[in-house]
Amino acid sequence: MADTQQVEARAERKVAKLAREISAFARAHGGAEGQVAYIGERGARIVLVGEDGGWGDLVAPTYAVAEQAVEKSGITRHESFDGELAAKVKTSTYEWKRMAGIQVGG
């Protein structure tokens with residue numbers, strides 16, 4: 001019983017921490033939208049897209065923790081990273097160079 005309570009308390013702390021980070025991202029970027037994607041044993045990835053086109057991501061230990069953190073933060077959640085959400089992302093020269101480097105083996 002005590003182990004279950006410890007696990008639940010740890011999950012609640014993680015939800016609160018992620019929600020604070022999501023909220024901070026949203027404040028810094030004039031608002032934000034997000035999407036949660038399952039990434040296997042590692043948990044779930046929360047992809048964030050700011051109103052200004054800035055983007056980032058966070059990793060949660062479980063899909064449920066990610067969902068709760070997004071809900072607690074109050075941002076709009078998308079079911080998929082569709083064209084509408086992807087079109088809001090503004091990439092910089094760094095991302096374009098990085099993507100090109102991966103393609104040519106760099």
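**A chat about strands, salt bridges and a helix**

Visitor: In β4, which residue is the bridge partner of Gln 35?
Guide: The bridge partner of Gln 35 in β4 is His 78. Helices (H or I, at least four residues) and strands (E, at least two) are DSSP runs, numbered from the N terminus.

Visitor: What kind of model is this, and how are its residues numbered?
Guide: This is a predicted model, in which local features need pLDDT of at least 70 and side-chain atom pairs count only at pLDDT 80 or more, while totals for chains, interfaces and linings use all residues. Residues are numbered from 1 along each chain as its sequence is written, and side-chain values use heavy atoms, with hydrogens and water left out.

Visitor: What is the mean pLDDT of the chain?
Guide: The mean pLDDT of the protein chain is 88, and 88% of its residues reach 70 or more. pLDDT is the predictor's confidence in each residue, from 0 to 100.

Visitor: Which elements have the lowest and the highest mean?
Guide: The lowest mean pLDDT among the elements belongs to α4 (67), and the highest to helix α2, residues 63-73 (96).

Visitor: Back to Gln 35. Where is it found?
Guide: Gln 35 belongs to strand β1, which spans residues 32-38. β1 pairs with strand β4 (residues 76-78) in the parallel sense over three bridges. Two strands pair if DSSP finds at least two bridges between them.

Visitor: And how does β1 run relative to β2, parallel or antiparallel?
Guide: β1 and β2 run antiparallel and are joined by seven bridges. In β2, Val 47 stands opposite Gln 35. The two strands form a hairpin with five residues between them, and Gly 40 in the turn has a positive phi of about 85°.

Visitor: Is Gln 35 buried or exposed?
Guide: Gln 35 is buried, with a relative accessible area of 9%. Buried means under 20% relative accessible area, exposed over 50%, and partly exposed in between (1.4 Å probe, protein chains only). In β1, five of the seven residues are buried.

Visitor: What does Gln 35 touch?
Guide: Not counting residues up to four places away in sequence, Gln 35 touches Arg 45, Ile 46, Val 47, His 78, Glu 79, Ser 80, Phe 81 and Leu 85. Contact means heavy atoms within 4.5 Å.

Visitor: New topic. How many salt bridges does a search of the whole structure find?
Guide: The search finds four salt bridges. A salt bridge is a side-chain nitrogen of Lys or Arg within 4 Å of a carboxyl oxygen of Asp or Glu.

Visitor: With which residue does Glu 33 form one?
Guide: Glu 33 forms a salt bridge with Lys 88, the closest N and O atoms being 2.4 Å apart. Glu 33 lies in strand β1 and Lys 88 in the loop between α3 (83-86) and α4 (93-103), so the pair ties together parts that are 55 residues apart in sequence. Glu 33 is buried at 8%, whereas Lys 88 is partly exposed at 32%.

Visitor: What about Asp 57?
Guide: Asp 57 forms a salt bridge with Arg 45, with the closest N and O atoms 2.6 Å apart. Asp 57 is in strand β3 (residues 55-60) and Arg 45 in strand β2 (residues 44-50), so this pair ties together parts that are 12 residues apart in sequence.

Visitor: Finally, which residues of α2 are buried?
Guide: Val 65, Ala 66, Ala 69, Val 70 and Ser 73 are buried in α2. They cover an arc of only 130° around the axis, which puts them on the same side of α2. The arc is that of the directions from the helix axis to the C-beta atoms. Glu 71 and Lys 72, on the other side of α2, are exposed.
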